[in-house]
Amino acid sequence: MKFDSCEQASEALGEQPVLARWARNSSSREVNYLSAISLQGERNAVFGTLVSGRADEEGSSSSFFHFLLRDKEIYTIGFDEEAIVAGCEKAASFFEHAEDADTPLDGFIHLLAGIMEPFFEGMDRFEAKLRELEDSLQERNGGYMFHRIVELRARLLHWSGLTRPIREIRYALEEAFPEQMEESRIHKALQSRLERMIMLQDEYSRELESLLLLEENLSNYRGNEIMKTLTVFTILCTPMMAIGAIWGMNFKNMPELEWKAGYWIALGVIGGSTLAVYVWMRAKGWMGDLLRSDNRREKM
């Protein structure tokens with residue numbers, strides 16, 4: 001039985017105190033919540049609140065609804081089927097089968113399968129963005145890549161957060177209805193969908209961790225190259241600075257100031273000493289690839 005609001009459900013179920021109390025308590029819940037009653041025979045039940053997502057809105061959880069499943073009946077409050085179907089047309093087929101299910105348990109599992117369908121579309125778009133990031137990282141690996149990786153990690157956490165409650169619900173169903181779950185064929189399909197979703201999320205998580213490690217290594221490499229360049233530049237300029245400091249003194253008794261060719265001699269000493277330092281560093285192999293013309297844009 002489907003209700004649009006907790007007030008409507010509470011009024012319609014007024015003659016059944018337990019169900020009416022569930023409807024009233026649900027009105028204050030806007031986050032994931034789950035409870036299971038087991039070992040009570042026909043009184044076994046699973047009830048709670050589930051936050052669901054949409055395939056066209058990755059950045060936020062778009063809606064939530066309340067549910068109560070018993071041995072022979074199922075109740076939902078605020079379940080907006082159109083909100084999910086509008087972002088993922090494939091989910092509609094699962095909701096249609098939910099109404100024709102043989103048991104309330106099978107109908108509820110069909111409902112969960114339909115809610116999960118947008119997750120797979122979200123994962124497909126996530127993979128496309130991940131591949132785009134990997135291609136960009138090969139061409140240009142500037143610091144902005146770190147922010148893009150963090151953004152993708154946040155999106156992956158979003159989808160993982162939507163999957164986790166459904167996994168918990170499946171375990172609660174096994175706790176409350178073990179025999180029916182054992183016989184349910186659609187339950188096995190739901191389990192396969194959950195395993196496939198978890199596999200995708202784990203694989204993408206490992207890829208993102210690898211990209212973060214690669215970005216860290218590239219950042220360290222860039223930092224080392226910058227320090228190396230500054231060090232080489234400082235060493236090459238040392239003769240110029242030393243000679244300039246010596247002949248920049250203001251002592252009166254400096255014979256070099258009277259030389260007619262002193263300016264050219266000073267330039268020669270500066271140039272020769274700088275060249276000597278460069279040749280010495282090059283012979284030692286300390287220049288590395290700093291003078292390569294394609295070093296700044298080298299592909300990985």
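Helices (H or I, at least four residues) and strands (E, at least two) are taken here as DSSP runs numbered from the N terminus. On this scheme, G285 is found in the segment after α9 (262-284). The structure is a predicted model, in which local features need pLDDT of at least 70 and side-chain atom pairs count only at pLDDT 80 or more, whereas totals for chains, interfaces and linings use all residues. Residues are numbered from 1 along each chain as its sequence is written, and side-chain values use heavy atoms, with hydrogens and water left out.

Accessibility was classed with a 1.4 Å probe on protein chains only, buried meaning under 20% relative accessible area, exposed over 50%, and partly exposed in between. G285, with a relative accessible area of 52%, is therefore exposed, and its C-alpha atom is separated by 72 Å from that of V46, which lies 239 residues apart from G285 along the chain. E89, in the loop between α3 (81-87) and α4, is likewise exposed, because its relative accessible area is 69%. The C-alpha atoms of E89 and A36, 53 residues apart along the chain, are separated by 31 Å.

In α4, the residues A91, A92, F94, F95 and A98 are buried. They cover an arc of only 160° around the axis, so they lie on the same side of α4, the arc being that of the directions from the helix axis to the C-beta atoms. An α-helix has 3.6 residues a turn, so residues three or four places apart point the same way.

Contact is defined as heavy atoms within 4.5 Å. E117, placed in helix α5, counts as buried because its relative accessibility is 9%. Neighbours within four places in sequence left aside, E117 is in contact with C88, K90, A91, F94 and R193; R193 is 76 residues from E117 in sequence and 9.1 Å from it in space, C-alpha to C-alpha.

T163 lies in helix α6 (residues 144-176) and, with a relative accessible area of 1%, is buried. Apart from neighbours within four places in sequence, T163 is in contact with F119, L194, M197 and Q201. The side chains of T163 and Q201 are also joined by a polar contact of 2.9 Å, a term for a pair of N or O atoms within 3.5 Å of which, within protein, one must be able to donate a hydrogen and the other to accept it, residues adjacent in sequence counting only if both atoms are side-chain atoms.
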